[in-house]
Amino acid sequence: MTAGISKGLFLTGPREFEAQERILPPPAADEVQLAVRSTTLCGSDLHYFQKGCNGSIEVREPLCLGHEAAGEVVAIGSNVTNPRVGDRVAVECGIPCEACDLCLSNRYNLCEKLRFRGSGSAWPHFQGTMQTRINHPAKWVHLLPPEVSYDEGALLEPLAVAVHACRRAGVQPGSTCTIIGAGPIGLLCAIAARNAGCVKIAIADVVADRVAFAVEKTFADTGFVVTSKRAGSPEESLAMARDTAKSIAGLTLVNGSTLGPTDYTFECTGIEVCAQSAIFATKRGGKVVLVGMGTPNVSLPISDASAREVDIVPVWRYANCYGEALQIVEASRKDSSGPQVAEMITHRCEGVVNVAEALALAGCPRDEDGKMVMKVVVSNKS
Ligand SMILES: [Zn+2]
Ligand SMILES: [Zn+2]
């Protein structure tokens, strides 16, 4: 096989892309070559697009974004027997070293040498999936059954985050949870928590549309719309957080019972007042799972957490979660009465050349026609 071409848009600065055609060598012995078919956009793609960086991670050379992806195998390296050409796979975009203590103890998400596609953290940057072709280690792709779509394959990535969050929390059957933030990660945490045995799920957000969507599509059993306002002081922030937690705990479920503080709270926004609410919304002896990121230094009511033994559990990506994520997608497909993972995709852009347009849309709460934007997928037929 001779070298081919991969076409993509590479980020060169805030809201600036350059179309590039890069030479792609044939896949190495342990790699597969994929035609990328679907990439769903995520908050980190959006940060890079809007600011040219993601928190402290800077873009130092043109960067192709995208890390929630699925594609078709178009070529395989000489050592690869599985998958085969023509197979449809989801791409696990983080490649760990497989040799350090953390890799050897199944916590490869924490590997210091991990390279992650579409992120500026590795040098040279490990280019993302918003391009037509990539070579990827065969070990880090996951075969999709015929009924699972490329879009659903792409969503296995954020779903893996949610599965990992539930594992870190140790979600028990018969438990209850609150989810703060009704964006895609919040919805996926709801699905994963339900799958792990959660029986009552409440969701909260400042955006009424999102809360309504989550409840209507049965991701959550009940929802609360938080009044959006800025706290003038740390005391005011804590008072607001307490009020929100109290309102959530007071929610009524379909059977007429009151929710009460929950066993787990998944904080999916990364906003300080939300993390504070998460502690107050959690039962004595319960757990707060910090899934959302974005505020590097957060002030938390630690004495309240201590006095009630509310554990605070941070999560970083995922390790060995794609299998369970795939099971969840398959199970949800079989039960049409429950939430469907792919339902959160509200908008589609065809072709990687339209990435900038897709990202601009993903940054808006609603499209031009007033329809809520939840998750945008960039699909690619070529
Ligand atoms: Zn992501
Ligand atoms: Zn490692």
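1. A word on cavities to begin with: on a 1 Å grid over the protein atoms alone, a cavity is a set of points where a 1.4 Å probe fits but cannot get out, and its lining residues have an atom within 4 Å of a point. Please keep in mind throughout that this is a predicted model.

2. Two cavities of 30 Å³ or more turn up by this rule. The largest cavity holds about 50 Å³ of space. Its lining is made by Glu-92, Gly-94, Tyr-108, Asn-109, Leu-114, Phe-116, Arg-317 and Tyr-318.

3. On to the open spaces. The second largest pocket has a volume of about 290 Å³. It is lined by 17 residues, and those closest to its centre are Leu-24, Arg-117, Gln-127, Gln-131 and Asn-135. Which elements supply at least two residues each to this lining? They are strand 1 (4–13), strand 2 (16–24) and strand 10 (133–137). Strand 10 gives the most, with four residues.

4. Please have a look at the zinc ion (ligand 1). Its protein donors are Cys-42, through SG, and His-67, through NE2, at 2.1 to 2.3 Å. This pair links distant parts of the chain, 25 residues apart: Cys-42 is in the loop between strand 3 (31–40) and helix 1 (43–51), while His-67 is in the loop between strand 5 (57–58) and strand 6 (68–76). His-67 has a relative accessible area of 5% and is therefore buried. Donors here are N, O and S atoms within 2.8 Å of the metal, and water is not among the atoms, so the site may look incomplete.

5. The structure holds 12 salt bridges. One of them joins the side chains of Lys-375 and Glu-68, with 2.9 Å from N to O. Lys-375 belongs to strand 19 (residues 375–379) and Glu-68 to strand 6, so this bridge ties together parts that are 307 residues apart in sequence. Are the two partners buried or exposed? Both Lys-375 and Glu-68 are buried.

6. Another salt bridge pairs Arg-333 with Glu-152, and their closest N and O atoms are 2.5 Å apart. Here too distant parts of the chain are linked: Arg-333 is in helix 9 and Glu-152 in helix 3 (residues 150–169), 181 residues apart. Arg-333 is partly exposed at 37% relative accessible area, whereas Glu-152 is buried at 5%.

7. Glu-350 and Lys-381 also form a salt bridge, with 3.3 Å between the closest N and O atoms. Glu-350 lies in strand 18 (residues 345–350) and Lys-381 in the segment after strand 19, so the parts tied together are 31 residues apart in sequence. Glu-350 counts as partly exposed because its relative accessibility is 35%, and Lys-381 is exposed because its relative accessible area is 66%.

8. What makes up the nonpolar surface patch of about 350 Å²? The residues are Leu-102, Leu-110, Met-293 and Trp-316. Trp-316 sits in the loop between strand 17 (311–314) and helix 9 (322–334). Its relative accessible area is 36%, so Trp-316 is partly exposed.

9. Some backbone geometry deserves a second look, because most residues other than glycine have a negative phi, and most peptide bonds are trans. The peptide bond from Asn-82 to Pro-83 is cis, with omega near 0 degrees; Pro-83 is placed in the loop between strand 6 and strand 7 (88–91). Trp-123 and Pro-124 are also joined by a cis peptide bond, with omega about -10 degrees, and Pro-124 falls in the loop between strand 9 (115–116) and strand 10.

10. As for phi, Arg-15 is not a glycine and yet has a positive value of about 55 degrees. Arg-15 is in the loop between strand 1 and strand 2, and at 52% relative accessibility it counts as exposed. Thr-218, also not a glycine, has a positive phi of about 65 degrees. The loop between helix 5 (208–216) and strand 14 (222–225) holds Thr-218, which is partly exposed at 31% relative accessible area.

11. Ile-201 counts as buried because its relative accessibility is 0%. From Ile-201 to His-136 the separation is 65 residues in sequence and 37 Å in space, C-alpha to C-alpha.

Methods:
Residues are numbered from 1 along each chain as its sequence is written. Chains are lettered from A and ligands numbered from 1 in the order in which they are written. This is a predicted model: local features need pLDDT of at least 70, side-chain atom pairs count only at pLDDT 80 or more; totals for chains, interfaces and linings use all residues. Side-chain values use heavy atoms; hydrogens and water are left out. Patches are made of residues with over 30% relative accessible area and no salt bridge: like charges are joined within 9 Å, nonpolar side chains (Val, Leu, Ile, Met, Phe, Trp, Tyr) within 5 Å. Accessible areas come from the Shrake-Rupley method with a 1.4 Å probe; for residues, only the protein chains shown count as cover. A salt bridge is a side-chain nitrogen of Lys or Arg within 4 Å of a carboxyl oxygen of Asp or Glu. Buried means under 20% relative accessible area, exposed over 50%, partly exposed in between (1.4 Å probe, protein chains only). Donors are N, O and S atoms within 2.8 Å of the metal (3.2 Å for Na, K and Ca); water is not among the atoms, so sites may look incomplete. On a 1 Å grid over the protein atoms alone, a cavity is a set of points where a 1.4 Å probe fits but cannot get out, and a pocket is an open set with protein on both sides within 12 Å along at least five of seven lines; lining residues have an atom within 4 Å of a point. Grid points are joined across faces, edges and corners, and a volume is the space filled by probe spheres set on the points.
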